[in-house]
Amino acid sequence: MSLNDTPIIQKNYDFLRYLIPILNRFPKSHKFLLADRIQSRVLDNQEKLIEAYYAPSSEKQALLRQINLSLEQLRFLIRLCHDLQLLDHSRYEHISRMINEIGAMLGGWIKSLK
(Lines give C-alpha, C1' and ligand atoms only; values in the text may rest on other atoms or scores of the structure.)
Protein backbone atom coordinates (compact mmCIF):
# COMPACT_ATOMS: atom_id res chain seq x y z
CA MET A 1 0.00 0.00 0.00
CA SER A 2 1.36 3.43 -0.90
CA LEU A 3 1.02 6.60 1.10
CA ASN A 4 -1.68 7.87 -1.27
CA ASP A 5 -3.72 4.71 -0.71
CA THR A 6 -3.69 5.03 3.08
CA PRO A 7 -7.31 5.72 4.08
CA ILE A 8 -6.60 7.58 7.34
CA ILE A 9 -4.16 9.95 5.65
CA GLN A 10 -6.70 10.67 2.91
CA LYS A 11 -9.49 11.09 5.50
CA ASN A 12 -7.43 13.62 7.47
CA TYR A 13 -6.56 15.44 4.24
CA ASP A 14 -10.27 15.63 3.32
CA PHE A 15 -10.96 16.91 6.83
CA LEU A 16 -8.39 19.69 6.30
CA ARG A 17 -9.96 20.62 2.95
CA TYR A 18 -13.38 20.86 4.60
CA LEU A 19 -12.22 22.67 7.73
CA ILE A 20 -9.87 25.38 6.41
CA PRO A 21 -12.54 27.43 4.56
CA ILE A 22 -14.76 27.30 7.65
CA LEU A 23 -11.96 28.47 9.92
CA ASN A 24 -11.11 31.29 7.51
CA ARG A 25 -14.59 32.72 8.09
CA PHE A 26 -14.15 33.00 11.86
CA PRO A 27 -14.25 36.58 13.16
CA LYS A 28 -10.85 38.19 13.70
CA SER A 29 -11.32 38.01 17.45
CA HIS A 30 -11.24 34.20 17.24
CA LYS A 31 -9.32 33.56 14.04
CA PHE A 32 -5.87 34.05 15.51
CA LEU A 33 -6.50 32.05 18.66
CA LEU A 34 -8.97 29.24 18.04
CA ALA A 35 -8.91 28.92 14.25
CA ASP A 36 -5.12 28.95 14.00
CA ARG A 37 -4.77 26.47 16.84
CA ILE A 38 -7.27 24.07 15.26
CA GLN A 39 -5.72 24.36 11.82
CA SER A 40 -2.21 23.83 13.20
CA ARG A 41 -3.33 20.78 15.17
CA VAL A 42 -4.93 19.13 12.13
CA LEU A 43 -1.91 19.94 9.94
CA ASP A 44 0.41 18.55 12.64
CA ASN A 45 -1.72 15.39 12.73
CA GLN A 46 -1.35 15.04 8.96
CA GLU A 47 2.41 15.34 9.25
CA LYS A 48 2.54 12.82 12.10
CA LEU A 49 0.36 10.36 10.16
CA ILE A 50 2.80 10.53 7.25
CA GLU A 51 5.70 10.17 9.68
CA ALA A 52 4.04 7.13 11.29
CA TYR A 53 3.48 5.56 7.87
CA TYR A 54 7.21 5.64 7.19
CA ALA A 55 8.42 5.06 10.77
CA PRO A 56 9.95 1.77 11.86
CA SER A 57 7.48 -0.51 13.64
CA SER A 58 9.07 0.25 17.00
CA GLU A 59 8.19 3.97 16.67
CA LYS A 60 4.73 3.79 15.08
CA GLN A 61 2.73 3.22 18.26
CA ALA A 62 4.20 6.24 20.08
CA LEU A 63 3.43 8.51 17.11
CA LEU A 64 -0.11 7.17 16.78
CA ARG A 65 -0.75 7.71 20.50
CA GLN A 66 0.38 11.34 20.11
CA ILE A 67 -2.10 11.77 17.27
CA ASN A 68 -4.83 10.16 19.38
CA LEU A 69 -4.19 12.65 22.20
CA SER A 70 -4.22 15.48 19.68
CA LEU A 71 -7.62 14.31 18.38
CA GLU A 72 -9.02 14.50 21.93
CA GLN A 73 -7.68 18.03 22.27
CA LEU A 74 -9.17 18.88 18.88
CA ARG A 75 -12.59 17.62 20.03
CA PHE A 76 -12.39 20.05 22.95
CA LEU A 77 -11.49 22.99 20.70
CA ILE A 78 -14.28 22.18 18.24
CA ARG A 79 -16.80 21.92 21.08
CA LEU A 80 -15.61 25.29 22.38
CA CYS A 81 -16.15 26.83 18.93
CA HIS A 82 -19.67 25.44 18.90
CA ASP A 83 -20.39 26.73 22.40
CA LEU A 84 -19.12 30.18 21.38
CA GLN A 85 -21.47 29.98 18.37
CA LEU A 86 -18.61 30.09 15.88
CA LEU A 87 -19.90 26.82 14.38
CA ASP A 88 -23.54 26.13 13.75
CA HIS A 89 -24.97 22.84 14.96
CA SER A 90 -24.91 21.04 11.59
CA ARG A 91 -21.26 21.93 10.94
CA TYR A 92 -20.36 20.97 14.50
CA GLU A 93 -22.02 17.56 14.01
CA HIS A 94 -20.31 17.01 10.65
CA ILE A 95 -16.88 18.00 12.00
CA SER A 96 -17.39 15.78 15.05
CA ARG A 97 -18.31 12.85 12.82
CA MET A 98 -15.19 13.39 10.73
CA ILE A 99 -13.00 13.48 13.85
CA ASN A 100 -14.68 10.31 15.14
CA GLU A 101 -14.05 8.52 11.83
CA ILE A 102 -10.37 9.49 11.94
CA GLY A 103 -10.24 8.35 15.57
CA ALA A 104 -11.77 4.98 14.72
CA MET A 105 -9.28 4.46 11.89
CA LEU A 106 -6.45 5.49 14.19
CA GLY A 107 -7.65 3.06 16.86
CA GLY A 108 -7.70 0.28 14.28
CA TRP A 109 -4.15 1.11 13.23
CA ILE A 110 -2.99 1.10 16.87
CA LYS A 111 -4.68 -2.27 17.51
CA SER A 112 -3.10 -3.77 14.39
CA LEU A 113 0.34 -3.03 15.85
CA LYS A 114 -0.26 -5.10 19.00
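Buried means under 20% relative accessible area, exposed over 50%, and partly exposed in between, with a 1.4 Å probe and protein chains only. The model is predicted, so local features need pLDDT of at least 70 and side-chain atom pairs count only at pLDDT 80 or more, while totals for chains, interfaces and linings use all residues. Residues are numbered from 1 along each chain as its sequence is written, and side-chain values use heavy atoms, with hydrogens and water left out.

**Exercise 1. Determine which residues of helix 1 are buried, what covers them, and what span the helix should have.**

Step 1. Helices are DSSP runs (H or I, at least four residues), numbered from the N terminus. Helix 1 comprises residues 7-24.

Step 2. Its buried residues are Ile8, Ile9, Asn12, Phe15, Leu16, Leu19, Ile22 and Leu23.

Step 3. The cover over these residues includes helix 2 (28-54), helix 3 (57-83) and helix 4 (89-112).

Step 4. The expected span of a helix is 1.5 Å times one less than its number of residues. For the 18 residues of helix 1 this gives 26 Å, in agreement with the 26 Å between its end C-alpha atoms.

**Exercise 2. Describe the largest nonpolar core and the contacts of Ile38.**

Step 1. A nonpolar core is a set of buried Ala, Val, Leu, Ile, Met, Phe, Trp, Tyr and Cys residues joined through side-chain atoms within 4.5 Å.

Step 2. The largest such core has 34 residues, and those with the most contacts inside it are Phe15, Phe26, Ile38, Leu74, Ile78, Ile95 and Leu106. Helix 1, helix 2, helix 3 and helix 4 are the elements that each give two or more residues to this core.

Step 3. Contact means heavy atoms within 4.5 Å. With neighbours within four places in sequence set aside, Ile38 is in contact with Leu19, Leu23, Leu74, Leu77, Ile78 and Cys81.

Step 4. In soluble globular proteins, nonpolar side chains tend to be buried together.

**Exercise 3. Identify the salt bridges and place each pair in the helices.**

Step 1. A salt bridge is a side-chain nitrogen of Lys or Arg within 4 Å of a carboxyl oxygen of Asp or Glu. The count by this rule is three.

Step 2. Lys11 and Glu101 are joined by a salt bridge of 2.8 Å, N to O. Lys11 lies in helix 1 and Glu101 in helix 4, so this pair ties together parts that are 90 residues apart in sequence. Lys11 is partly exposed at 26% relative accessible area, and Glu101 is partly exposed at 35%.

Step 3. Arg17 and Asp14 form a salt bridge, with their closest N and O atoms 3.2 Å apart. The two are three residues apart in helix 1, which means that about one helical turn separates them. Arg17 is exposed at 53%, whereas Asp14 is partly exposed at 28%.

Step 4. In the salt bridge of Arg75 with Glu72, the closest N and O atoms are 2.6 Å apart. These residues are three apart in helix 3, separated by about one helical turn.
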